[in-house]
Amino acid sequence: MNEPRKSDSPVVPAKPPNNASAAEAVEERGLTKENTIGTTRPEPRVGLSVSQGLDRVRTAARRDKRARFTALLHHVDVDRLTAAFLALRRQAAPGVDHITWADYEQNLEANLRDLHTRLHRGSYQPKPSRRAYIPKADGRPRPLGIAALEDKIVQRAVVEVLNAIYETDFYGFSYGCRPGRSPHKALDALHYGIKRKKVNWILDADLRDFFTSFDHGWLMKFVEHRIGDTRVLRLIQKWLKAGVIEDGNWTEGTVGVAQGASVSPLLANIYLHYAFDQWAHQWRKRHASGDVVIVRYVDDVVVGFQTKWDAKQFLRDLRERLARFALELHPEKTRLIRFGRYAAQQASERQLGKLETFDFLGFTHICAKTESGGFYLKRITMRKRMHAKLREVRDQLEHRRYLPIPAQGKWLRSILLGHYHYFAVPGNIFALGRFQYRLKVIWLKALRRRSHRHHMPWTRMQRLADKWLPEPKILHPYAEERFAAIIQGKSPVQ
């Protein structure tokens with residue numbers, strides 16, 4: 001790989017205090033005089049591809065974990081903005097600008113060149129996000145922020161550049177919204193850790209209102225540890241302060257970030273990388289007396305422990321750690337439970353009854369037994385998640401009641417296949433069957449309400465189901481096999 005050139009990605013080393021982690025250096029003090037902010041200048045483009053430019057940034061970031069990058073915005077060129085635009089969902093709801101993907105495409109080249117000019121001149125100003133709500137699994141509304149189209153484009157392009165740096169920094173147990181790290185890979189890692197490590201206790205932790213409460217001051221300190229390009233820093237500050245518009249009223253962004261924006265997952269991961277990941281990694285190395293397994297998916301955290309003392313001490317220390325960064329654990333969603341292969345064996349020997357279960361990424365995790373009596377980590381669809389999806393289908397079907405039956409069937413088939421695509425893991429076949437059956441019943445009731453004189457017999461409904469609603473089948477391999485194939489001799493649990 002080519003060595004990075006100064007014109008590609010100038011970096012300035014920022015030496016932390018002796019015997020201090022990178023996170024502690026950021027927490028305790030501002031930037032030193034050595035961390036000078038360099039000026040950006042255009043990168044030579046002759047014969048140089050966009051990906052090659054980021055390869056140099058990635059190489060420099062991997063080689064020097066203390067380097068600060070002072071020239072990054074020049075990587076956000078027209079080609080990268082074009083790629084970001086094409087990656088957007090065509091049918092996505094518009095923001096406060098009311099501009100759709102199709103509207104912007106009509107004069108795409110001119111629009112993107114104008115956006116690029118404003119971005120590099122410093123005249124680009126992000127618009128507030130439009131507030132929208134979607135139902136959570138428990139029925140409560142989840143606030144989302146729908147960004148304006150140009151803000152989506154710029155955020156996607158900047159995130160791609162920043163990922164070249166942060167993907168070399170983030171820990172292996174961090175899975176949320178990162179390139180190539182799907183929810184199923186997080187589930188596989190957790191499954192593998194519980195099966196292969198001596199896990200007896202599980203801490204199921206949830207951060208209270210994380211996206212709407214984290215501190216902007218701490219976030220910018222964390223970002224400045226790696227990013228020295230003042231134009232990129234100003235962009236991030238503009239996005240944080242843009243605020244939201246709801247019912248015509250504007251609210252300034254003072255804490256947190258709008259969920260739904262392209263930049264939100266990266267900023268969340270940066271915040272938790274310093275506030276949680278680095279600390280948890282060091283705690284495991286320095287204080288744990290037994291095995292510790294960590295899996296984090298954005299603000300959902302599951303930690304497995306071999307000893308009860310480790311589990312309780314970690315939980316106490318974690319509360320103190322989070323409070324330092326204006327975060328707290330959700331009291332109702334954070335639990336410490338006995339769970340795991342050895343815990344199940346001990347519970348059986350001592351006649352302690354069934355072990356508790358925990359939920360993670362849409363699945364309820366259960367300590368079960370194989371036919372031969374061995375330990376089996378069973379994962380089934382969360383009941384709340386299934387019921388919420390069925391309610392959503394029923395409500396949407398009301399608006400499609402008078403569509404032709406083939407149109408309804410195609411839509412329901414896409415819903416069912418999407419459900420199978422995520423939840424069809426080994427051991428979950430009965431839950432898949434229940435979902436398919438309930439979907440069939442919802443469709444039957446909707447068809448019977450088409451007319452007071454209409455009657456849809458079950459025999460005909462079954463024929464329609466056979467045509468449009470496929471039977472469930474397992475689509476995912478066993479988690480342990482897939483995760484073992486991915487790591488291929490690397491550290492099994494990061």
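The model is predicted, so local features need pLDDT of at least 70 and side-chain atom pairs count only at pLDDT 80 or more, while totals for chains, interfaces and linings use all residues. Residues are numbered from 1 along each chain as its sequence is written, and side-chain values use heavy atoms, with hydrogens and water left out.

**Overall make-up**

- The chain has 17 helices and 13 strands, where helices (H or I, at least four residues) and strands (E, at least two) are DSSP runs numbered from the N terminus.
- Of the 494 residues in the chain, 49% are buried; buried means under 20% relative accessible area, exposed means over 50%, and partly exposed lies in between, with a 1.4 Å probe and protein chains only.
- Among the contacts in the chain with a separation of 6 or more, 73% join residues 24 or more positions apart, a contact meaning heavy atoms within 4.5 Å.

**Helices α8 and α10**

- Two packed helices are described by the angle between their axes and the distance between the axes.
- Helix α8 (residues 216-224) and helix α10 (residues 264-286) have axes that come within 9 Å and cross at roughly 85°; axes are lines fitted to C-alpha atoms, for helices over the stretch in contact, and angles run from 0 to 180 degrees between N-to-C directions.
- The helices α8 and α10 are therefore roughly perpendicular to each other, a term for angles of 65 to 115 degrees, whereas under 35 degrees counts as roughly parallel, over 145 as roughly antiparallel and the rest as oblique.
- On the α8 side the contact is made by W218, L219, F222 and V223, and on the α10 side by L267, I270, Y271, Y274 and A275.
- These residues of the contact of α8 with α10 divide into 9 nonpolar, no polar and no charged, where Ala, Val, Leu, Ile, Met, Phe, Trp, Tyr, Cys and Pro count as nonpolar, Asp, Glu, Lys and Arg as charged, and the others, Gly among them, as polar.

**Aromatic rings**

- The structure holds 23 aromatic pairs; rings of Phe, Tyr and Trp (its six-membered ring) pair if their centres lie within 6.5 Å, and planes under 30 degrees apart count as stacked, over 60 as edge-to-face and the rest as tilted.
- One of the pairs is F210 with F214, whose ring centres are 5.2 Å apart and whose planes stand at 40°, so the pair is tilted; both F210 and F214 are buried.
- F214 also forms a tilted pair with Y271, at 5.0 Å centre to centre and 40° between the planes.
- Because F214 lies in the loop between β5 (201-206) and α8, while Y271 lies in helix α10, this pair ties together parts that are 57 residues apart in sequence.
- F214 counts as buried at 0% relative accessibility, and Y271 counts as buried at 0% relative accessibility.
- One aromatic cluster is formed by F210, F211, F214, W218, F222, Y271, Y274 and F325.
- K221 lies over the face of W218, at 4.8 Å from the ring centre; a charge sits over a ring if NZ of Lys or CZ of Arg is within 6 Å of the ring centre and within 35 degrees of the ring normal.
- R379 lies over the face of F363, at 5.9 Å from the ring centre.

**Selected charged residues**

- D206 is placed in strand β5 and counts as buried at 14% relative accessibility.
- Not counting residues up to four places away in sequence, D206 touches D299, D300, E328, L329, H330, K333 and T334; the C-alpha atoms of D206 and L329 are separated by 5.8 Å, although these two residues are 123 residues apart along the chain.
- D188, in helix α7 (residues 183-196), counts as buried at 1% relative accessibility, and its contacts, leaving aside neighbours within four places in sequence, are with R379, A479, R482 and F483.
- R142 lies in strand β4 (residues 141-146) and counts as partly exposed at 30% relative accessibility.

**Positive phi values**

- D209, found in the loop between β5 and α8, has a positive phi of about 45° although it is not a glycine, and D209 counts as partly exposed at 49% relative accessibility.
- L361, in the loop between β11 (358-360) and β12 (363-369), is a residue other than glycine with a positive phi near 55°, and L361 counts as buried at 12% relative accessibility.
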